[in-house]
Amino acid sequence: MGNSEFPPEISEISATSGESFQHSDPATWHKMTDKTRCFLIQHGPEQERREFFPNTLCDFDNRMRHFSSKWYEKIHPNDEKFVGYWLLYSNKKDSLFCFCCLLFSTTKTNNFSEISKGFCDWKKLNPRIPEHKNSNEHQRCYSDWKNLEKNLKEGKTLDSDLQRVINGERKKWRDILKVIVDAILFCAKNNLALRGSTEVIGEQNSSIFLNLIELISHYYPLVGEHVASVKAKKTTTSYFSPRIQSELIELLGQKVRNEILSNVREAKYYSVLFDCTPDDSHKEQMTQIIRYVHITEETCTIEESFVDFIESHEKTGKGLAAEITEKLEKDGLSISDCRGQGYDNGANMSGKYNGVQAHIHSLNEFARFVPCAAHTLNLVGVHAAEISPLMITFFGKSQAIFIFFSSSTLRWEKLMKTLAISLKGNSDTRWSAKKEAIIPLHRQIKEVLQVLESIIHTPKTNAVSVCSAKELIIQIDFSFLCLLDFWCQILSLIDRENKLLQSKNISIDIAAKKMKGLKASIQNLRDVGVDNIIKAAAETAIQIGIEGDFPMKRKRKVKQMALYEAEDDFCRLSPETDFGSQCNLVFDSILTQIEWRFEAMSAVSSDFDFLSGHSKLLPDKNVCLVWQ
């Protein structure tokens, strides 16, 4: 928010170079006035504490040296720790300054109180810091600092009345800003848009945010007075503008983001999940999610936290990998600490040689790649449903039945009076939608046919509806009934495992076992064959009054060439055998894709199986390296 974080009386303070005033960096305190001095004392010195500071080449011995946070503290002979709060580090100058001397010194005899320089001779810190601390100038400035600090707290300064007015004004704006921040948080938590047709509070079609502020003003006199002055245009400072809303949201988001990244750095090891999708402005947006272990005094949990949106300008695996590593470096995370990668199954992300995972794995061999299990299983089912024209036609017929009823309110109402479970639409990408579409139709196919028959025989039904209903009845043949039972079994097995893979607490070893179990179940269905499916479909066909047998396909005539002496007597498969071979294609597709698509997950589960205690063998040397 720039200088808007400061009280109004010093918000105009800025460096002569045009940089904003920063109370955490003494190198920006160029214009030292009474207002600035009072504000800094009331805020207190803010020491920069971190593990590593920039290295500087020392002219004396030509060695790289840097400042350390240990210089802020001194241990007395009696083991008592003394913290020198007056010592400040400047990021801008990479130098040390004295807080009290910057505020009150009248002589520029040393670098600790000179803004343009500061002290940066790290080799001579040991003699120079004690010398400055024991100097008369520092002692005087330190005494002035503490006296003014005490007088400001007790209101005993010469301008105490003015200070009370300033503090009252500061408290007023702070309370108003708290209400505004709470209103923004309320809208954000409930996914409500902050902006409306107008940005003037009190007008019709104003935003939810402004309406919420106006509601609070009815019960909070301070906010009520502020809103009244804004409506009467007695003040030009409202903090209601879209710019302030955006700045507050950015600050709140940055606070949450810093907290997450701090937890990740504390955990050290982490895994990354990235996914790309276009946003409403048709820009490619990459989502950054980090998974890590968060340990507190009471609990140990696996956290999966959204960090940021990244505007991506790349499509290739190499370019996307460069954007990801650059973002991780910007967040202060080392790529060498990455222990896992998770992306979708796109070639540019999961490609074995030129995908993002391959490029990151070349930078860090311990960053194991495991594709999204639920998305992978979804692809297994989608490809199996498109294995042959017979299967594609089947799902097309089921979707045509749903569209016929859902496109008319009268037909839908007539259907719902008969059915116990509503029909659902099919989806080419979401596998669970296929199960939701097929199972209700399988259980209620008799009732659906009855409704179609009633539509045909209902007087005054329009010709289009009658023709469509007749076409659907013709399409619901014995082959369709067999496929209903066939896909109902497969969909139930896959959908059950798909939901388990999406559960929050499932571990990778359990997921690998579930996939092995799914593969065994599909293999068992293939071994049993389709005879039971054909028998069940035949019983259903008798109940609903249709032919309980596969129709014979017409033999295609082949034009005989002049040199052919006789007609080629080729072997023709029976309809039952042909149906079984079509089903086996589906089984084989599922089994094959489960084998190779979940190969990476099975490998990781096998490598770390010793952690679950189920493995009887000790881990080999290479497996142990993963956790180093």
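This is a predicted model: local features need pLDDT of at least 70, side-chain atom pairs count only at pLDDT 80 or more; totals for chains, interfaces and linings use all residues.
**Overall make-up**

The protein chain has 628 residues, of which 41% are buried. Its secondary structure consists of 23 helices and 11 strands. Of the contacts between residues at least 6 apart in sequence, 62% link residues at least 24 apart.

**Nonpolar cores**

The largest nonpolar core contains 67 residues, and the members touching the most others are Ile-401, Phe-405, Val-448, Leu-452, Phe-486, Trp-487 and Ile-590. Helix H18, residues 478-501, supplies the largest share of this core, with 13 residues. Another core, of 30 residues, lies apart from it and includes Trp-29, Phe-39, Cys-98 and Cys-101.

The surroundings of Phe-405 can be given in detail. Leaving out residues up to four places away in sequence, Phe-405 touches Arg-411, Trp-412, Leu-415, Val-448, Val-451, Leu-452 and Ile-455. Two of these partners, Val-448 and Leu-452, are themselves listed among the core members that touch the most others.

**Helix H21**

Helix H21 runs over residues 575-597; its 23 residues reach 33 Å from the first C-alpha to the last, close to the 33 Å expected at 1.5 Å a residue. The buried residues of H21 include Phe-579, Cys-583, Val-586, Phe-587, Ile-590, Leu-591 and Ile-594.

**Cysteines**

The structure holds 0 disulfides. Cys-482 is in none, and the nearest cysteine sulfur, that of Cys-583, is 8.1 Å away. Because its relative accessible area is 0%, Cys-482 counts as buried. Cys-187 likewise has a relative accessible area of 0% and is therefore buried.

**Aromatic pairs and charges over rings**

A search of the whole structure finds 14 aromatic pairs. Two of them are set out below.

| Pair | Centre to centre | Angle between planes | Class |
|---|---|---|---|
| Phe-99 and Trp-145 | 5.0 Å | 65° | edge-to-face |
| Phe-402 and Trp-412 | 6.1 Å | 90° | edge-to-face |

Phe-99 belongs to helix H2 (residues 99-104) and Trp-145 to helix H4 (residues 136-154), so this pair ties together parts that are 46 residues apart in sequence. Phe-99 and Trp-145 are both buried.

The pair of Phe-402 and Trp-412 joins helix H13 to helix H14 (residues 409-416), and therefore ties together parts that are 10 residues apart in sequence. Is each of these two residues buried or partly exposed? The cut-off for burial is 20% relative accessible area. Phe-402, at 19%, is buried, whereas Trp-412, at 24%, counts as partly exposed.

One aromatic cluster is formed by Phe-394, Phe-395, Phe-480, Phe-486, Trp-487 and Phe-587.

Arg-411 sits over the face of Phe-404, at 4.3 Å from the ring centre. Lys-268 lies over the face of Tyr-269, at 5.7 Å from the ring centre.

Notes. Residues are numbered from 1 along each chain as its sequence is written. Side-chain values use heavy atoms; hydrogens and water are left out. A nonpolar core is a set of buried Ala, Val, Leu, Ile, Met, Phe, Trp, Tyr and Cys residues joined through side-chain atoms within 4.5 Å. Buried means under 20% relative accessible area, exposed over 50%, partly exposed in between (1.4 Å probe, protein chains only). Helices (H or I, at least four residues) and strands (E, at least two) are DSSP runs, numbered from the N terminus. Contact means heavy atoms within 4.5 Å. The expected span of a helix is 1.5 Å times one less than its number of residues. A disulfide is a pair of cysteine sulfur atoms within 2.5 Å. Rings of Phe, Tyr and Trp (its six-membered ring) pair if their centres lie within 6.5 Å; planes under 30 degrees apart count as stacked, over 60 as edge-to-face and the rest as tilted. A charge sits over a ring if NZ of Lys or CZ of Arg is within 6 Å of the ring centre and within 35 degrees of the ring normal.
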